[in-house]
Amino acid sequence: MEPIERHCLEWLLAFAREHRDRTGGELRGLIQRKITHTMRVLAHARRILDELQPAPELRRAAEIAAILHDTARFPQLERRATFDDHAGYNHAVEGARILAGTDLLAPLGEKWRAVVLTAVRLHNLGVLPDDLTGEERTVTELLRDADKLDAIRNNLRHMDPKTLHGKALKSGLTWHETEVSPEVVRLTLDRQLIPFQSIKWSNDFILFLCNWLHDLHFPYPYRHLDRTGRFEELLGWLPDSGPFPEIKAQLRADLARAARG
């Protein structure tokens, strides 16, 4: 790890610990989980970069963006006790604002500082804008791919109808074994992303995660989902009746094709 990346990581850990030390109980554990998430996202980003072999400046920007992408989660947890971005707080936008108010990224120079801030600001957006530079788009897409891989892992770990999974993430989500929104089925079969506001049932949310398959940009994420069995585990939470056999067959075929390259 180069000095600037090490400095950014040390800054983030100190920032997170400041917020952790002002909280207690469950929130401390959630802050620690977010730190661990950051390290896994960084590991995924590095695997993508190892295959991509970009210029050193782009690699540095991508690693720093991975380290800093969830900066605003720590004040969000301390002050709001939630990860819910639909309560007047966008952690990506707020994170970019926090970082822009520091001199942390000054050693990168203005161009690459802007690339990192753009990636942080846009990493949770449904669809990226068309006016990004080539470097901004590459770093942002790389960060989004790495972040999605760990988000799928985390959601699978906590997928449990007894806990009404999704309440913290999606207010109003109802767990149901077979219900699914017709619009979500249509979008899935059309290989389109599912808008977050369309999610009502637990099966909608599972398909929301599955459809990230159509918003990945590099070979490694497809192979990782295939090799680890995590995509198949997601499909296993869906029923085997109604529209789901067709949906599962299509998603499996899509992943197999993408994983083969």
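Helix axes are lines fitted to C-alpha atoms over the stretch in contact, and the angles between N-to-C directions run from 0 to 180 degrees. Helices (H or I, at least four residues) are DSSP runs numbered from the N terminus. The model is predicted: local features need pLDDT of at least 70, side-chain atom pairs count only at pLDDT 80 or more, and totals for chains, interfaces and linings use all residues. Residues are numbered from 1 along each chain as its sequence is written, and side-chain values use heavy atoms, with hydrogens and water left out.

**View 1. Contact of helix H8 with helix H12.** The axes of H8 (residues 182-189) and H12 (residues 244-260) come within 10 Å and cross at roughly 30°. H8 and H12 are therefore roughly parallel to each other (angles under 35 degrees). Their crossing is left-handed, the term for a near helix turned anticlockwise from the far one by less than a right angle. From H8, Val185, Thr188 and Leu189 meet Glu246, Ile247, Gln250 and Leu251 of H12, where contact means heavy atoms within 4.5 Å. By class, the residues of this contact are four nonpolar, two polar and one charged. Ala, Val, Leu, Ile, Met, Phe, Trp, Tyr, Cys and Pro count as nonpolar, Asp, Glu, Lys and Arg as charged, and the others, Gly among them, as polar.

**View 2. Contact of helix H9 with helix H12.** H9 (residues 202-210) and H12 have axes that come within 12 Å and cross at roughly 15°. H9 and H12 are therefore roughly parallel to each other, and the crossing of H9 and H12 is left-handed. Asn203, Leu207 and Cys210 on the H9 side meet Phe244, Ile247 and Leu251 on the H12 side. Five residues of the contact of H9 with H12 are nonpolar and one is polar, with no charged residue.

**View 3. Helix H6 and its buried residues.** H6 (residues 110-122) has 13 residues and reaches 18 Å from its first C-alpha to its last, close to the 18 Å expected at 1.5 Å a residue; the expected span is 1.5 Å times one less than the number of residues. Trp112, Arg113, Val115, Val116, Leu117, Thr118, Ala119, Val120 and Leu122 are the buried residues of H6 (under 20% relative accessible area, with a 1.4 Å probe and protein chains only). These buried residues pack against helix H3 (56-68), helix H5 (91-100) and helix H7 (134-157).

**View 4. Histidine 224 in helix H10.** H10 spans residues 219-228. Histidine 224 has 6% relative accessibility and so counts as buried. With neighbours within four places in sequence left aside, histidine 224 is in contact with His44, Leu149 and Arg230.

**View 5. Glutamine 53 and arginine 191, loop residues with positive phi.** Glutamine 53 is in the loop between helix H2 (26-52) and H3. Its phi is near 50°, a positive value in a residue other than glycine. Arginine 191 is in the loop between H8 and H9 and has a positive phi of about 60°, although it is not a glycine. The relative accessible area of arginine 191 is 39%, which makes this residue partly exposed.

**View 6. Aspartate 160 in the loop between H7 and H8.** Aspartate 160 counts as partly exposed at 28% relative accessibility. Aspartate 160 and arginine 47 are 113 residues apart in sequence and 30 Å apart in space, C-alpha to C-alpha.

Key
Helices (H or I, at least four residues) and strands (E, at least two) are DSSP runs, numbered from the N terminus. Angles under 35 degrees count as roughly parallel, over 145 as roughly antiparallel, 65 to 115 as roughly perpendicular and the rest as oblique. Buried means under 20% relative accessible area, exposed over 50%, partly exposed in between (1.4 Å probe, protein chains only).
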